[in-house]
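Please keep the sequence and the structure in view while reading.

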Amino acid sequence: MVDSMLITEAIEAIDESVSEPVVKPHLILALDYGVKKMGMALGNTVTETARAFDILAMDNGQPDWDNLLGIIKVWGVTKVVVGLPLNMDGSSSMLSKRAHKFARRLAHRIMEQHLPVTVSLCDERLTSIAAREIAWENGWIKHERDPIDDISACILMSTYFADPNSSIAIDAIKAD
């Protein structure tokens, strides 16, 4: 006959060795795509918060690819969310087609570098308007033409965190 006290102690020892799974934080990079400049924000999956990171100069919609890929590598980004500037009725605009093309190119370059990073598109309608209002109210900008692209990227990140399933992985989308 097995001693019930030994069984109880063994179960308790097993229970103590099995702890809660550790949630590993991941960094997400949100990109507010533009032809002249692109806003960037970093988001943390544990706290689901974002912070403005930088504004990259763009050359007719093309970034300094080495710089962008370097940022992704150095910061250990695991996901990139590219803003998709749709029209208010949800239809594609010329800029949304360019953003989609940029996201495909970024995904391809990431794949070439063998980085474990996914690229998704997320609706960014009205982020620039909201960013300008927030920046103005908080005194972060002094003139209405001051750049707010990084703040727009923060709002994009918040949209993503509110509903991650609303973003679409770039490999699941066919080009227009």
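The points below proceed from the overall fold to individual residues.

The model is predicted. The protein has 176 residues, of which 36% count as buried. Its secondary structure comprises 5 helices and 6 strands.

**Overall architecture**

- Along the sequence, the elements of the protein follow the pattern α-β-β-β-α-β-α-β-α-α-β.
- Among the contacts in the protein with a separation of 6 or more, 65% are between residues 24 or more positions apart.
- The protein has an accessible surface of about 10800 Å², and carbon and sulfur atoms account for 55% of this surface.

- An open sheet is formed by 6 strands, with mixed pairing and the order 3-2-1-4-5-6.
- Strand 3 (49-57) and strand 6 (168-169) are the edge strands, each of them pairing on one side only.
- Strand 4 (residues 77-84) pairs with strand 5 in the parallel sense, and 6 bridges connect the two.
- V80 has V119 in strand 5 as the residue opposite.

- The buried residues in helix 4 include T127, A131 and A135. These three lie on the same side of helix 4, because the arc they cover around the axis is only 60 degrees.
- An α-helix has 3.6 residues a turn, so residues three or four places apart point the same way.
- I129 and E137 are exposed on the other side of helix 4.
- The cover over the buried residues of helix 4 includes strand 1 (27-32) and helix 5 (149-162).
- G139 follows helix 4 and has a positive phi, near 75 degrees.

**A nonpolar surface patch**

- M88, L126 and I129 make up a nonpolar patch on the surface, and together they have about 320 Å² of accessible area.
- L126 belongs to the loop between strand 5 (118-123) and helix 4 (127-137).
- The relative accessible area of L126 is 47%, so this residue counts as partly exposed, the range for that class being between 20% and 50%.
- I129, another member of the patch, is one of the exposed residues of helix 4.

**The salt bridge**

- The protein contains 1 salt bridge by the rule applied here.
- D149 and K37 form a salt bridge, in which the closest N and O atoms are 3.6 Å apart. The pair ties together parts that are 112 residues apart in sequence, because D149 lies in helix 5 and K37 in strand 2 (residues 37-44).
- D149 has 11% relative accessibility and therefore counts as buried, since the cut-off for that class is under 20%.
- K37, by contrast, counts as partly exposed, because its relative accessibility is 32%.

**I71 in helix 2**

- I71 is a residue of helix 2 (residues 65-75).
- With 10% relative accessibility, I71 counts as buried.
- Apart from its neighbours within four places in sequence, I71 is in contact with M40, F53 and L56.
- I71 and L29 are 42 residues apart along the chain, and their C-alpha atoms are separated by 9.4 Å.

Terms used
Residues numbered from 1 in each chain as written. Predicted model: local features only at pLDDT ≥ 70, side-chain atom pairs only at ≥ 80, totals over all residues. Heavy atoms only, no water. Helix = DSSP H or I, 4+ residues; strand = E, 2+ residues; numbered from the N terminus. Buried < 20%, exposed > 50% of the residue type's maximum accessible area, 1.4 Å probe, protein only. Contact = heavy atoms within 4.5 Å. Patch = residues over 30% accessible without salt bridge, like charges linked within 9 Å, V, L, I, M, F, W, Y side chains within 5 Å. Areas by Shrake-Rupley, 256 points an atom, 1.4 Å probe, with all protein chains shown as cover. Salt bridge = Lys/Arg side-chain N within 4 Å of Asp/Glu carboxyl O. Arc of directions from axis to C-beta. Pairing = 2+ DSSP bridges.
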